[in-house]
Amino acid sequence: MQLLYALLANAADVSEEGTLTIIDGDIDRLEVPSVPYKKPLLAVVAKFLAAPGEMQDAQTVSFLLYGPEGGSPLTRCDCPVGGNGGVS
């Protein structure tokens, strides 16, 4: 499996026709007035290319969010994909 692209956006939607709409995309940092800060919505948009047969079994894609100093991740999101032909 190969990652073709990934980005952060304020929102994203896939239409019934399969077209992708990204709103306020390509976010590379969050500037907040104080910490902790609660962002109501943040979309992760990613596209993968898989060879035939690679998605027969479910896979997990993990996203980790780090603070400005790096170190340990602040949060982690594990997203199951495949096994049923798409994202779970």
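Reader: Which strand gives the most to the nonpolar patch?
Author: That is β1, with three residues; strands are DSSP runs of E, at least two residues long, numbered from the N terminus. The model is predicted: local features need pLDDT of at least 70, side-chain atom pairs count only at pLDDT 80 or more, and totals for chains, interfaces and linings use all residues. Residues are numbered from 1 along each chain as its sequence is written, and side-chain values use heavy atoms, without hydrogens and water.

Reader: Which residues form the patch?
Author: Leu4, Tyr5, Val14, Leu20, Ile22 and Leu49 form it on the surface, with about 500 Å² of accessible area together.

Reader: Which strands each supply at least two of its residues?
Author: β1 (2–14) and β2 (20–27) do.

Reader: Why does leucine 4 count as partly exposed?
Author: Because its relative accessibility is 41%, and partly exposed lies between buried (under 20%) and exposed (over 50%). Leucine 4 lies in strand β1.

Reader: Turning to the sheet, what is the strand order?
Author: The open sheet of three strands runs β2-β1-β3, with antiparallel pairing; two strands pair if DSSP finds at least two bridges between them. β2 and β3 (43–49) are the edge strands, each pairing on one side only.

Reader: Over how many bridges do β1 and β2 pair?
Author: Six, in the antiparallel sense. Alanine 11 has isoleucine 23 in β2 as its bridge partner.

How values were computed
Patches are made of residues with over 30% relative accessible area and no salt bridge: like charges are joined within 9 Å, nonpolar side chains (Val, Leu, Ile, Met, Phe, Trp, Tyr) within 5 Å. Accessible areas come from the Shrake-Rupley method with a 1.4 Å probe; for residues, only the protein chains shown count as cover. A salt bridge is a side-chain nitrogen of Lys or Arg within 4 Å of a carboxyl oxygen of Asp or Glu. Helices (H or I, at least four residues) and strands (E, at least two) are DSSP runs, numbered from the N terminus. Buried means under 20% relative accessible area, exposed over 50%, partly exposed in between (1.4 Å probe, protein chains only).
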